[in-house]
Amino acid sequence: MSMKDEVVSRPAGQERETGSMMGGMGEQEQERGERPKRVGDRVFRYLTTTSGLVIVVAIVLIGFFLLIKAVPSLLADSTNFLTDWRFDTTGGKLAFGIRDMLVVTVLSSLLALVLAMPISLGIALFLTQYAPRSLARGFGYLVDLLAAVPSVVFGLWGVLVLGPAIEPVQRALNAGLGWFPLFSDGNVSLAGGGNIFTAGVVLAVMLLPIITSVTREVFRQTPVNQIEGALALGATKWEMVRTTVLPFGKSGFIAASMLGLGRALGETIAVLMILHTATSPSGFSFFDGGSTFASKIASAASEFSEPLPTGAFIAAGLVLFLLTFVVNAIARSIAKPKKEKA
Amino acid sequence: MAKRLDAKDLNIYYGKFQAVAEVTLAVPPRNVTAFIGPSGCGKSTVLRTLNRMHEVTPGARVEGEVLLDGEDIYAGGVDPVDVRRTIGMVFQRPNPFPTMSIKDNVIAGLRLAGVRDKSRLDEVAERALRGANLWNEVSDRLNKPGGSLSGGQQQRLCIARAIAVQPAVLLMDEPCSALDPISTLAIEDLIAELKKEYTIVIVTHNMQQAARVSDQTAFFNLAGVGQPGKLIEIDDTEKIFSNPGQQATEDYISGRFG
Amino acid sequence: MTTTELERPARPPVFHHLSTGRKARNHLATVLVSLAFLIALVPLVWLLATVVIKGWRALVSPDWFTHSLKGVLPDQFAGGIYHALYGSLAQALVCAVIAVPIGILAAIYLVEYGRGWLARLTTFMVDILSGVPSIVAALFIFALWISTFGLEQSAFAVSLALVLLMLPVVVRSCEEMLRLVPQELREASYALGIPKWKTIVRVVLPTALSGIVTGSMLALARVLGETAPVLVLVGYSQSINFNIFDGNMTSLPLFIYNQFTNPTAAGQLRIWGAALTLILLVMLFNLIATVISRFSAIKTK
């Protein structure tokens, strides 16, 4: 998506260089010597510019409103917002921190990314370089079909079908690799697989079509002369891919993965349905339960009434907003230099 | 209707790069003027400044005057939209509007300027298509998309579209370069007829074409890469091709370079 | 020299053969990328099969598309998703009515007018907005609409949150389509003395139209499946509510989430049935988008 937006930066605006000549104009035949005003052009210009500004203003407002609603609650917070794992907003006294939400969000998203990145890379290569031409398009639709599945359905499938199905795998990992913190005993039971591990796997499936579609576009743009050059030297298909397609598409792939990461960090309903609630702090294990930022907010949403407790959740939302903002900004800055060189 | 066009001391820039320097020329009415010269010499650029089309390119800028019957089209209060309505243009590659039928293409200029009278639009469409020698070929399928025509027909459709708004001057930017020889001949015949009513300026890379269709010829050249293009000389076509005033012109015409 | 080589006994092979290692690596790579694709098909097939097998019986029950759950007991399989279907479509359409025009105009700004810092900022913000999680958009509308303006929860608030999610998708796809319109067409129009705004409205937009419609349909499909805003911004209802400005309104995702906590067989059938309905609805919009894109005036590639 963001790969393409600046390929052609030749908007047809002509006003800047010619001073006032194009600025305004007369709808009817011109009266020479009088400053022309073409009302339609001016109105349309303002209209479109305003619409562009709506987007800028929306982002500013999101940050602003979340901030002003969060500040009173943050001031009333009786514990450390960054390091406490508890999230008590009931009973008059606020004591909330984001430690566990951050841990669960980051662990599940990173697991999803680690699983989804190599597979997406493989799919993108398969679809653009390996699959027979006549089938590639149909195969592409299949992968896109994954993107058409709403996240609430992924949640259903994750908690009712996938979780129980991979519970044995989780038990085996826990038994065999339990000495390693990420696979040690979690703070919830392994039964049913309602933990970060299952959530990460489901998120990974959700990321596949996202990362693949952008990466596929980039790979497809590999200059044909480079590909033919490599093949003409007697390179095998894999050597051709390694020497032309991968270097050309590397930054695009990484940017796509960052976009996917942004999506995983903010995924709400699927994670909410999968994760068991935990009553003790996270021990940085994949077999922990708990909440991500998004699922915590969503689960409490029906009780948003008092400003201060609601503000606590809005504060968590603000952290999530900043997190995704940074991730997306990084994705953009990775994707951009390529375009400017091209 | 046909008007004369005078360019005075044109300097044309793209950003900091000067593309054309010090061009002064006169185009009399009802007359075909051809611009010839090697690629990159700025002949198309000059053409595009004659109806303020170059402004469409970001960063393009022009100094000097272009007078249409004595009035500067670059004067402070002049609207480029009105300039272009008066000075039409036909492009190198035929570019009919893909969403419009043949007829709608022809009357696009009038309709978008607010003309609604259906009988008048029909009349203009027929007159313009006849004027472009296309009527006989398309009269039975006016509602087909413009893109369904052959390349040569599409270009004549674009000419019909340009003359439907009854411009005073018609600018043609290598109108035959994307066409086959037979379509080229059709366009050249058309130019000879259009000359009776319009002032025509045509850019061509084909010297024979310039010799065939034009009354006067302007030769442009550039001193070297990165140098601005310049007008070397402008004179009657016959004189340019038989006895040019400049050595460079003679070299170019006799095929010694370019 | 070539001839002398050829006249020699054909000891040296005609072709240089690949070393075994290179061949093996090439085969391994082929196997791995094909495997990656097959791995992706596993959850797809598994998920779709589950939904169809567990949900199809709901769809063929007579009242499924025509009745709500009004007066239906949790463990009784009766009624249907009529109210949720209406909610989903109403919320998505209201969202589209707001987001599509703004999105198209913003894309026109970026492609036809935008230059300098403001255009760069806008492009950047479109990127950022497209990455804003749906729960954050929902929280923002909650903070603005309900907490600041003091308005009630309503389907319209949901639509507003969906606008934020749909807008960047529309801008993106529309921008892409507008950039595909050949510059020559704009020039042809300018050369006829047609003002810029009319050139855009009458020449550029019609040329890009099918692509823009396709993009908007895809954006709509995405918005249909959003769940986070409905959890925060509107209440659940068993029965139909046509008023988007007032009262509780169920949409398909909310329906699924609500019935998710209903452990009875009827509840299970309802969630899978609603999931299947939702997938079919999203696929229908995707399909319409694909069909429309076939009629594109611009030949891509």
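Residues are numbered from 1 along each chain as its sequence is written, while chains are lettered from A and ligands numbered from 1 in the order in which they are written. Because the model is predicted, local features need pLDDT of at least 70 and side-chain atom pairs count only at pLDDT 80 or more, whereas totals for chains, interfaces and linings use all residues, and side-chain values use heavy atoms, with hydrogens and water left out.

**Chain A as a whole**

Followed from the N terminus, the order of elements is α-β-β-α-α-α-α-α-α-α-α-α. Of the 342 residues in chain A, 56% are buried, a term that means under 20% relative accessible area, with exposed meaning over 50% and partly exposed the range in between (1.4 Å probe, protein chains only). Among the contacts (heavy atoms within 4.5 Å) in chain A with a separation of 6 or more, 72% are between residues 24 or more positions apart. The chain exposes about 14200 Å², of which carbon and sulfur atoms supply 65%; accessible areas come from the Shrake-Rupley method with a 1.4 Å probe, and for residues only the protein chains shown count as cover.

**Salt bridges**

Over all chains the structure holds 26 salt bridges, each defined as a side-chain nitrogen of Lys or Arg within 4 Å of a carboxyl oxygen of Asp or Glu.

Select R216(A) and D144(A), whose side chains meet in a salt bridge at 3.4 Å, N to O. This pair links distant parts of the chain, since R216(A) lies in helix α5 (residues 196-220) of chain A and D144(A) in helix α3 (residues 133-147) of chain A, 72 residues apart. R216(A) is buried, with a relative accessible area of 10%, whereas D144(A) is partly exposed at 30%.

Next, show R22(C) together with E239(A), a salt bridge in which the closest N and O atoms are 2.7 Å apart. Here the pair crosses between chains, from helix α2 (residues 20-60) of chain C, which holds R22(C), to helix α7 (residues 237-266) of chain A, which holds E239(A). R22(C) is partly exposed at 28% relative accessibility, while E239(A) is buried, with a relative accessible area of 13%.

Then select R332(A), D127(C) and R172(C), which are linked in a network of salt bridges.

In chain B, pick E123(B) and R127(B), where the closest N and O atoms of the salt bridge are 3.9 Å apart. The two are separated by about one helical turn because they stand four residues apart in helix α5 (residues 118-131) of chain B. R127(B) is partly exposed at 42% relative accessibility.

**Strand β9 of chain B**

Finally, select strand β9 (residues 216-222) of chain B, in which six of the seven residues are buried. Strands count as paired if DSSP finds at least two bridges between them. Strand β3 (residues 32-36) of chain B pairs with β9(B) in the parallel sense over four bridges, and T33(B) stands opposite Q216(B) in β9(B). Strand β10 (residues 229-236) of chain B runs antiparallel to β9(B), joined by seven bridges, with A218(B) opposite I234(B) in β10(B). End at G226(B), which takes a positive phi near 85 degrees in the hairpin of β9(B) and β10(B), with six residues between the strands.
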